[in-house]
Amino acid sequence: MKKIGILYGRERSFPPAVIQRINDMNVDGVMAEPVKIDKVGQGLNPGYAVIIDRISQDVPFYRAMLKNAAATGTAVINNPFWWSADEKFFNNVLSVGGLDVPVPKTVLLPSYEKPTDTSDESFTNLAHPLDWQSMFNYIGWPAWTKPHDGGGWKSVYKCNNPEDLWKAHAETGQLVMMLQENITFTSYFRCYCIGRKYVKIMHYEPRNEFLDRYRCHHDVSDELMQQMHDYVIKINEWLGYDFNTVEFAVRDGIPYAIDFCNPAPDADKFSVGEENFNWVIEHAAKYAIERAQAQEPGKSNLTWGKFISESVAGTYDSRR
């Protein structure tokens with residue numbers, strides 16, 4: 001029997017629903033359950049063919065456990081090694097290079113506070129002051145500042161001028177931040193992608209109250225919807241995510257990828273709505289079963305994106 005485990009924290013709608021759906025499909029030799037951990041020994045597999053990870057971004061112990069599981073044959077969704085290495089700023093870098101997907105203009109900012117155990121001497125190579133004016137000229141106002149590797153709209157600030165930026169930056173401690181162009185959009189979409197092939201484009205309005213953000217409809221062309229679909233597949237193929245969301249802000253008919261590093265995206269029934277929730281459950285279950293059936297004990301069952309595979313092969317070219 002191949003077991004599919006769901007690793008989660010405070011979620012109470014997605015985990016039991018996807019477990020039930022997998023088991024209701026009654027696929028011979030496959031069953032699902034919550035992951036149970038009573039020990040983690042080096043090189044010892046936890047007994048799962050597949051683990052869907054929904055919480056390791058917040059619990060380092062779980063991330064280390066998942067790497068051990070992956071190294072001993074478990075197919076982990078998403079790849080914990082890539083998830084540990086990836087960040088939002090790099091996603092933008094890849095987009096303007098190898099991906100050629102429109103993204104907002106973005107610059108990286110050092111943390112306001114020095115990292116622990118560092119001093120002024122640790123920043124010998126960092127100019128003081130930074131060339132702030134050229135960054136402001138490039139990004140424009142208003143702008144957004146947000147963690148370069150964060151999520152969940154934590155420590156995100158809208159800044160209308162340098163004074164707003166100084167104030168916001170002072171509140172971010174040791175977080176490495178990025179300053180990003182504001183995209184004044186006419187429509188906005190949040191797109192689920194599972195298995196790098198199943199895509200659900202959800203109409204979304206981030207300016208609404210939290211529970212009303214999916215209660216909207218944007219009148220756009222079929223061509224734009226297809227373009228976003230193709231971008232979603234392309235982004236996830238390059239990054240290597242099997243469970244992710246991509247957000248697009250549409251300005252002047254161009255879909256800008258605003259946020260596309262969400263390997264544990266919101267899948268709560270009460271926020272995404274019943275229709276979207278049912279789609280996520282159905283396709284997450286279907287894909288997890290596919291991975292379980294393909295899993296080979298004792299071998300590597302991780303998936304890797306084109307950026308890694310082409311880099312290893314020496315064929316990656318950011319100038320394409």
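Isoleucine 6 stands opposite isoleucine 52 in strand E3. The two residues belong to a predicted model, in which local features need pLDDT of at least 70 and side-chain atom pairs count only at pLDDT 80 or more, while totals for chains, interfaces and linings use all residues. Residues are numbered from 1 along each chain as its sequence is written, and side-chain values use heavy atoms, with hydrogens and water left out.

Strand E1 (residues 2–7) pairs with strand E3 (residues 50–53) in the parallel sense over four bridges; two strands count as paired if DSSP finds at least two bridges between them. Helices (H or I, at least four residues) and strands (E, at least two) are DSSP runs numbered from the N terminus. E1 and E3 are part of an open sheet of four strands in the order E2-E1-E3-E4, with parallel pairing. Its edges are strand E2 (30–34) and strand E4 (75–77), each of which pairs on one side only. Neighbouring strands of this sheet are turned by 20° against each other on average, direction ignored. Axes are lines fitted to C-alpha atoms, for helices over the stretch in contact, and angles run from 0 to 180 degrees between N-to-C directions. Helix H2 (residues 60–71) lies across E1, E3 and E4 and runs at about 155° to E3. Helix H9 lies across E1, E2, E3 and E4, at about 135° to E1.

A further open sheet of four strands has the order E10-E9-E11-E12, and here the pairing is antiparallel. The edge strands are E10 (198–203) and E12 (254–259), each pairing on one side only. From one strand to the next, the twist averages 30°. Strand E9 (residues 187–194) and E10 are joined in the antiparallel sense over six bridges, and the bridge partner of cysteine 191 in E10 is isoleucine 201. Helix H7 (residues 222–239) packs on the sheet and touches E9, E10, strand E11 (243–251) and E12; the direction of H7 makes about 140° with that of E11. Helix H9 (residues 274–294) lies across E9, E10 and E11, running at about 165° to E10.

E11 and E12 pair in the antiparallel sense over five bridges, with valine 250 opposite proline 255 in E12. The hairpin of these strands has two residues between them, and aspartate 252 takes a positive phi near 55° there. Five of the six residues of E12 are buried, so this strand is largely enclosed by the rest of the structure. Buried means under 20% relative accessible area, exposed over 50%, and partly exposed in between (1.4 Å probe, protein chains only).

The largest nonpolar core has 39 residues, of which Ile4, Phe14, Val18, Ile22, Ile194, Phe243 and Val280 touch the most other members. H9 gives the most to this core, with 10 residues. Apart from it lies another core, of 27 residues, among them Leu94, Val101, Cys193 and Tyr231. A nonpolar core is a set of buried Ala, Val, Leu, Ile, Met, Phe, Trp, Tyr and Cys residues joined through side-chain atoms within 4.5 Å.

Neighbours within four places in sequence aside, the contacts (heavy atoms within 4.5 Å) of phenylalanine 243 include Phe14, Arg54, Ile77, Tyr192, Ile194, Pro265 and Val280. Arginine 54 lies in the loop between E3 and H2. At 6% relative accessibility, arginine 54 counts as buried. With neighbours within four places again left aside, arginine 54 is in contact with Leu7, Tyr8, Glu11, Phe14, Phe243, Ala264, Pro265, Asp266 and Ala267. The C-alpha atoms of arginine 54 and alanine 70, 16 residues apart along the chain, are separated by 15 Å.

The chain as a whole has 10 helices and 12 strands. A compact globule of 320 residues would have a radius of gyration near 20 Å, and the 21 Å of the chain agrees with this; the radius is taken over C-alpha atoms, and the globule rule is 2.2 Å times the number of residues to the power 0.38. Along the principal axes, the C-alpha atoms fill a box of roughly 60 × 50 × 40 Å. Of the 320 residues, 48% count as buried. Among contacts in the chain with a separation of 6 or more, residues 24 or more positions apart account for 70%. The chain exposes about 16,000 Å², 50% of it supplied by carbon and sulfur atoms, with areas from the Shrake-Rupley method and a 1.4 Å probe; for residues, only the protein chains shown count as cover.
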